[in-house]
Amino acid sequence: KEGAECLQFYRSADRGQNWTFVSELRVDPYNLSESSLMQLPDGRLLIYIREARSDFLPAVKAFSSDQGKTWDVHEMAFPMSSRISALRLRDGRDMVTYRSEIGRAALWAWVGDSEDATPYQPAGAHFNDRDTVGLKDNSLHIDNLL
């Protein structure tokens, strides 16, 4: 749709001196903003992207098998509000940190398989309060109290 935010991809072959347009990623009805791009072990590109509006559409991820010329887009199982940062863990899963405004605004993290096709659904979370989450002994402790 006209006026919607999108992502544009450029490539440099000379360490940033010159740039060449590669593609544009526009997904209706999304306003795509703030993304984190990584290369998968098989050579594909993977990008995690937030939805810029505040009406809680889920975040999206997209895969490219042709160095960013075309993208295969999938909805995530939850929204991400901003400041997305993704990396591949040693065990092969992805960790994506982001700010979320479901409940109270805070830094959140998702750890999972990039190929996970879990559909969008209402989200639940542990809040950093004295009953559920705490940092101690250099570890994150989560207690599920019923």
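This is a predicted model: local features need pLDDT of at least 70, side-chain atom pairs count only at pLDDT 80 or more; totals for chains, interfaces and linings use all residues.
Which residues have the most contacts inside the largest nonpolar core? The legends below start with the overall model and then turn to that core.

View 1. Residues are numbered from 1 along each chain as its sequence is written, and side-chain values use heavy atoms, with hydrogens and water left out. Mean pLDDT, the predictor's confidence in each residue from 0 to 100, is 82, and 75% of the residues score at least 70. Among the elements, β2 has the highest mean pLDDT (96) and strand β10 (residues 133-136) the lowest (60).

**View 2. The largest nonpolar core has 16 residues.** Here is the reply to the opening question: Tyr-48, Met-76, Phe-78, Met-80, Val-96, Tyr-98 and Trp-110 have the most contacts inside this core. A nonpolar core is a set of buried Ala, Val, Leu, Ile, Met, Phe, Trp, Tyr and Cys residues joined through side-chain atoms within 4.5 Å. Buried means under 20% relative accessible area, exposed over 50%, and partly exposed in between (1.4 Å probe, protein chains only). The elements giving two or more residues to the core are β4 (45-51), β7 (82-88), β8 (94-100) and β9 (106-112). A second, separate core of 12 residues includes Leu-7, Tyr-30, Leu-32 and Ile-47. In the protein, buried residues make up 33% of the 146 residues.

**View 3. Met-76 sits in the loop between β6 (72-75) and β7.** Met-76 counts as buried because its relative accessibility is 3%. Leaving aside neighbours within four places in sequence, its contacts (heavy atoms within 4.5 Å) include Tyr-48, Pro-58, Trp-110 and Tyr-120. Ala-59 is another residue in contact with Met-76; the two are 17 residues apart in sequence and 5.2 Å apart in space, C-alpha to C-alpha. Ala-59 is also touched by Met-80, as are Arg-50, Glu-51, Val-96, Tyr-98 and Arg-99, not counting residues up to four places away in sequence.

**View 4. Asp-42, Arg-44 and Glu-115 are linked in a network of salt bridges.** A salt bridge is a side-chain nitrogen of Lys or Arg within 4 Å of a carboxyl oxygen of Asp or Glu, and the count by this rule is 6. Arg-44 pairs with Asp-42, with the closest N and O atoms 2.8 Å apart, and with Glu-115 at 2.5 Å, N to O. Arg-44 lies in the loop between β3 (32-39) and β4, and Glu-115 in the loop between β9 and β10, so the pair ties together parts 71 residues apart in sequence. Asp-42 is exposed, at 53% relative accessibility, whereas Glu-115 is partly exposed, at 43%.

**View 5. Tyr-10, Trp-19 and Phe-21 form a nonpolar surface patch.** Such a patch joins nonpolar side chains (Val, Leu, Ile, Met, Phe, Trp, Tyr) within 5 Å, from residues with over 30% relative accessible area and no salt bridge; like charges are joined within 9 Å. Together the three residues have about 370 Å² of accessible area (Shrake-Rupley method, 1.4 Å probe, only the protein chains shown counting as cover for residues). Phe-21 belongs to strand β2 (residues 20-25) and is partly exposed, at 44% relative accessibility.

Definitions and conventions. Helices (H or I, at least four residues) and strands (E, at least two) are DSSP runs, numbered from the N terminus.
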